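Please look over the sequence and the model together before reading on. The report below takes up selected local features in turn.

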Amino acid sequence: MTEKEKMIAGEYYIATDPVLIKERRKAKNLLHRLNVTEYRLTKKAKEILAELIPNTGKGFYIEPPFHCDYGYNITCGENVYFNVNCVVLDCAPVNIGSNVFFAPNVQIYTATHPLDAELRKSLENALPISIGDDCWIGGNTVICPGVTIGKGCVIGAGSVVTKDIPDNSLAVGNPAKVIRKLNQEPQ
């Protein structure tokens, strides 16, 4: 397997692989154009986004500045909105449903590192993240590697999501905990 294939598969990989460096550099160049040159969402900015994140539905919108590692590992449904200062470390797939809204400073981290200090010197790995349809992710939320957030969820501002969140849940805190179900008939 190539280092890129290992990265996407969630296996340990060498991040300094020349192919990965080149792909991160390409993303950084596109991000520079988006975040500095085309700061407003113009026709040119939309073209940059289409090249950076090619797997999106209609109504995909990013409020710059925005940051990601590769872009091509991010898949979005329709009507996805990222407010300012969002970060997506997309070393593994990030799957986002439709009608998902990210408040400012949301951070989505697929990247992780070995706990063993010797391994950490040369290897890293990444775990996929999935966010269902109809979710709202509050400001300054951190979504950790390997997490799935179900459909219809609200994640409160400042939360750190370390474990899966079931459908139709309101989760808050550090670590985020479900405090109630949403969209259910009163009993």
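In which loop is Asn79 found? Asn79 is found in the loop between strand E4 (74-76) and strand E5 (80-82), where helices (H or I, at least four residues) and strands (E, at least two) are DSSP runs, numbered from the N terminus.

## Basis of the report

This is a predicted model, in which local features need pLDDT of at least 70 and side-chain atom pairs count only at pLDDT 80 or more, while totals for chains, interfaces and linings use all residues. Residues are numbered from 1 along each chain as its sequence is written, and side-chain values use heavy atoms, with hydrogens and water left out.

## Positive phi at two asparagines

Most residues other than glycine have a negative phi, and most peptide bonds are trans. Phi of Asn79, however, is near 55°, a positive value in a residue other than glycine. With a relative accessible area of 36%, Asn79 is partly exposed; buried means under 20% relative accessible area, exposed over 50%, and partly exposed in between (1.4 Å probe, protein chains only).

Asn168, although not a glycine, also has a positive phi of about 55°. Asn168 is found in the loop between strand E17 (160-161) and E18, and its relative accessible area of 22% makes this residue partly exposed.

## Helix H2 and its two faces

Helix H2 covers residues 18-37. At 1.5 Å a residue, its 20 residues should span 28 Å, and the end C-alpha atoms are 27 Å apart, which agrees; the expected span is taken as 1.5 Å times one less than the number of residues. At the N-terminal end, Asp17 caps H2, with a side-chain oxygen 3.2 Å from the backbone nitrogen of Val19.

The buried residues of H2 are Leu20, Ala27, Leu30, Leu31, Leu34 and Asn35. Seen down the axis of H2, these buried residues fall within an arc of 125°, so they line one face of the helix; the arc is that of the directions from the helix axis to the C-beta atoms. They pack against helix H1 (3-9), helix H3 (43-52) and strand E3 (66-68), with contact meaning heavy atoms within 4.5 Å. The face turned away from the buried side carries the exposed residues Pro18, Lys22, Val36 and Thr37.

Asn35, with a relative accessible area of 12%, is buried. Not counting residues up to four places away in sequence, Asn35 touches Pro64, Pro65, Phe66 and His67. A polar atom of the Asn35 side chain lies 2.7 Å from the backbone oxygen of Phe66.

Two of the residues that Asn35 touches, Pro64 and Pro65, are joined by a cis peptide bond with omega about 0°. Pro65 has its place in the loop between strand E2 (61-62) and E3. A cis peptide bond also joins Asn174 and Pro175, again with omega about 0°, and Pro175 lies in the loop between strand E18 (169-172) and strand E19 (177-181).

Strands of a sheet pair through backbone hydrogen bonds, either parallel or antiparallel. Here an open sheet of five strands has the order E1-E4-E7-E12-E15, with parallel pairing. Strand E1 (55-56) and strand E15 (148-149) stand at the edges, each with a single partner strand, so one side of each is left without a neighbour in the sheet. Two strands pair if DSSP finds at least two bridges between them; E1 and E4, which run parallel, are joined by two bridges, and Asn55 stands opposite Thr75 in E4.

Terms used
A polar contact is a pair of N or O atoms within 3.5 Å; within protein, one must be able to donate a hydrogen and the other to accept it, and residues adjacent in sequence count only if both atoms are side-chain atoms.
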